[in-house]
Amino acid sequence: MTNLPQVHSYPTNDKLSLGLAEYVLNAQAAAFSRHPKFRIAVSGGSLPSILASPALIDNPSIQWSKWEIFFADERAVPLDHPDSNYGLLKSILLDKIPQKSGMPKVFPIDELLLDDTQELADAYEQTLIQSFAAKDSVKLPIFDLILLGCGSDGHTCSLFPGHELLREDIAWVAPIEDSPKPPPRRITLTLPVVTHAIRVVFVAVGAGKKEILKTIFEKPEEGLPCSLVNMAAGGDKVVWFTDDAAIQGVTGVRKGSL
Ligand SMILES: O=C(O)[C@H](O)[C@@H](O)[C@H](O)[C@H](O)COP(=O)(O)O
């Protein structure tokens, strides 16, 4: 079957970061052939540190000033809180971009709305509407690239296994008050938004991810959120970047290297 999800696996995180930087560069070039911006969404967890390699940050071909960075999910905490995905990305990546390269436009959540996750999600959806649907009305935003992690229970963004949010098909951004992964109060892009992106990348590293990757790839019918993204997005749109330890012995994937 050629429709199996593509996996690029690497012996070390450093090599994975290099491969990921190359992939992001290609995605940037493809975006610029469609429009003058590169609009991406990023998750929290281990993703920002793997993304933020010198191969990306110091790459002269990255046109940072044309990047628009949104959050695939965010915790309902102040932006300077240790749990903030914005705070994580800022310290690990944004603060390291050389000023002379120009800075990306970054879209954090509205800190004034932290008390009400529905309002927080609605306001973030409005932020997306401003960027993606300012001129024309669109059913769903089309990110050039969404960069996701994979939790050890198979969650991605803040879309958790068996949660009712997996069935959300109207909102672009939804609140969650009972995330099994702390902190419990968050907002997240919804599944249709994720699967509507031009490209979706998952990053999963470490032997600790192996069991869940087996379920995601070998038993997609179990409907884990990561499997739902693989299935709904389909084809070559979804690419997994893993280390060898996470993917060794896992079937149901198409392996390749960039
Ligand atoms: O804010 C979050 O909690 C993340 O966006 C979450 O979806 C994360 O990506 C996964 O839990 C994987 O995290 P690790 O890569 O750290 O395992």
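Q: Which residues have the most contacts inside the largest nonpolar core?
A: In this predicted model, they are Ile40, Ile146, Leu147 and Val203. The core has 74 residues.

Q: What makes this set of residues a nonpolar core?
A: Membership takes a buried residue of a nonpolar type, joined to others through C-beta atoms within 7 Å. The largest such set here has 74 residues, including Ile40 and Val203. As a general point, nonpolar side chains tend to be buried together in soluble globular proteins.

Q: With which residues is Val203 in contact, leaving aside its neighbours within four places in sequence?
A: They are Leu20, Leu47, Ile50, Leu147, Gly149 and Phe241. Contact here means C-beta atoms within 7 Å.

Q: Where is Gln99 placed?
A: Gln99 sits in the loop between H4 and strand S5 (105-106). Gln99 and Trp64 are 35 residues apart in sequence, and their C-alpha atoms are 9.8 Å apart in space.

Q: Which residues of helix H4 are buried?
A: In H4 (residues 85-92), they are Asn85, Tyr86, Leu88 and Leu89.

Q: How do you know that these buried residues line one face of H4?
A: Look down the axis of H4. The buried residues fall within an arc of 160 degrees, so they line one face of the helix. They pack against strand S2 (38-42), helix H2 (47-51), strand S3 (67-71) and strand S4 (73-75).

Q: What makes S4 and S8 a pair of strands?
A: Pairing takes at least two bridges. S4 and strand S8 (residues 186-189) have 3 bridges, in the antiparallel sense. At one of the positions, Asp73 has Thr188 in S8 as its bridge partner.

Q: In what order do the strands of the open sheet run?
A: The 3 strands run S4-S8-S7, with antiparallel pairing.

Q: What makes S4 and S7 edge strands?
A: S4 and strand S7 (173-176) each pair on one side only. From one strand to the next, the twist averages 15 degrees.

Q: Which helix lies across S7 and S8?
A: Helix H5 (residues 117-132) does, running at about 160 degrees to S7.

Q: Which residues does UniProt list for the isomerase domain?
A: The unreviewed entry lists residues 12-240 for "domain: Glucosamine/galactosamine-6-phosphate isomerase". In the model, that span is 34% helix and 16% strand, and its end C-alpha atoms lie 15 Å apart.

Conventions: Residues are numbered from 1 along each chain as its sequence is written. This is a predicted model: local features need pLDDT of at least 70, side-chain atom pairs count only at pLDDT 80 or more; totals for chains, interfaces and linings use all residues. A residue is buried if 20 or more other C-beta atoms lie within 10 Å of its own, exposed if 12 or fewer, and partly exposed in between; C-beta atoms are placed from the backbone. Helices (H or I, at least four residues) and strands (E, at least two) are DSSP runs, numbered from the N terminus. The arc is that of the directions from the helix axis to the C-beta atoms. Two residues are in contact if their C-beta atoms, placed from the backbone, lie within 7 Å. UniProt positions are given in the numbering used here, feature names are shortened, and annotations may be inferred rather than shown by experiment. Axes are lines fitted to C-alpha atoms, for helices over the stretch in contact, and angles run from 0 to 180 degrees between N-to-C directions.
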